[in-house]
Amino acid sequence: MAKKKTKVSVNALENSCKNAADIIPCSYQYGDGELIEFEVRPILTFEESLKFVKEVVDNCIIAEDLEVVSVVKDYMFYRNVMTYYANFTMPNSDKRAYEIVMSSMGIIKVICDHVDQNQLVMLKEAIGEQVDFEKKKMIAAQTSRLNEVVGQVNQFTSRMEKLFGDVDGEQMANFITGMTSLSQQTDVTAKDIAEAIVNKSKEE
């Protein structure tokens with residue numbers, strides 16, 4: 001008879017994970033022996049992980065221009081490492097925040113050395129997959145717009161063929177000349193257009 005499988009309790013599993021979530025005091029030396037002290041949280045919560053990824057993706061995608069800005073993606077990733085995993089606060093100005101983040105690679109390395117590497121890799125992969133998904137959406141949107149324009153051009157061409165199908169080259173030239181003669185006028189009516197074309201035909 002097979003031995004009954006025993007299950008590990010939730011409490012036991014939670015107890016084994018407690019130490020992994022402890023805050024880690026860290027420091028970074030800069031300048032002439034100056035020291036900055038900060039705290040690092042090794043693991044983010046599920047909600048924090050979702051927000052981390054969303055903020056990076058939302059800021060590097062410019063939907064109106066159908067564009068992905070890679071520089072913004074890297075900047076937002078490093079910025080979130082500093083604000084989510086550590087207790088750093090960023091200025092409201094994106095320009096100033098960018099300068100601070102790009103000048104803090106030493107601090108960012110210290111943070112990354114103390115966080116859960118599996119989660120960090122997971123976040124990077126999730127961001128990459130989401131950006132790829134957004135790229136495909138933008139390509140689909142571009143294709144849809146192009147197809148719409150092509151359809152409108154085809155409709156216009158079809159209408160023009162029906163309208164001018166029986167018009168010879170000389171008549172078309174009269175039409176263009178008649179329209180040109182009205183180009184300098186401001187209040188042009190349908191009657192004006194018709195008279196211009198008729199007059200030009202009579203002249204010929």
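Biologist: Before we start, what does buried mean here?
Modeller: Buried means under 20% relative accessible area. Exposed means over 50%, and partly exposed is in between. Keep in mind that this is a predicted model.

Biologist: Good. Take Cys-60, then. Is Cys-60 buried or exposed?
Modeller: Cys-60 is buried, because its relative accessibility is 0%.

Biologist: And Cys-112, buried or exposed?
Modeller: Buried again. Cys-112 has 17% relative accessibility, so it falls under the 20% cut-off.

Biologist: Let's switch to Ser-49. Where does Ser-49 lie?
Modeller: In helix H2, which covers residues 46-60.

Biologist: Why does Ser-49 count as buried?
Modeller: Because its relative accessibility is 9%.

Biologist: Which residues is Ser-49 in contact with, leaving aside neighbours within four places in sequence?
Modeller: Leu-44, Gln-119 and Leu-123.

Biologist: Now charges. How many salt bridges does the structure hold?
Modeller: Six. Side chains of opposite charge can pair when their charged atoms come close.

Biologist: Which side chain does Glu-48 meet in a salt bridge?
Modeller: That of Arg-41, at 2.8 Å from N to O. Arg-41 is partly exposed, with a relative accessible area of 26%.

Biologist: What about Arg-79? Which residue is its salt-bridge partner?
Modeller: Asp-94. Their side chains meet at 3.7 Å, N to O. Arg-79 is in helix H3 (residues 70-85) and Asp-94 is in helix H4 (residues 94-102), so this pair ties together parts that are 15 residues apart in sequence.

Biologist: And are those two buried or exposed?
Modeller: One of each. Arg-79 is buried, with a relative accessible area of 18%. Asp-94 counts as exposed, at 51% relative accessibility.

Biologist: Staying with helix H4, where do Glu-99 and Arg-96 lie relative to each other?
Modeller: Both are in helix H4, three residues apart, which is about one turn of the helix.

Biologist: What is the relative accessibility of Glu-99?
Modeller: For Glu-99 the value is 35%, so Glu-99 counts as partly exposed. Arg-96 is partly exposed too, with a relative accessible area of 44%.

Technical notes:
Residues numbered from 1 in each chain as written. Predicted model: local features only at pLDDT ≥ 70, side-chain atom pairs only at ≥ 80, totals over all residues. Heavy atoms only, no water. Buried < 20%, exposed > 50% of the residue type's maximum accessible area, 1.4 Å probe, protein only. Helix = DSSP H or I, 4+ residues; strand = E, 2+ residues; numbered from the N terminus. Contact = heavy atoms within 4.5 Å. Salt bridge = Lys/Arg side-chain N within 4 Å of Asp/Glu carboxyl O.
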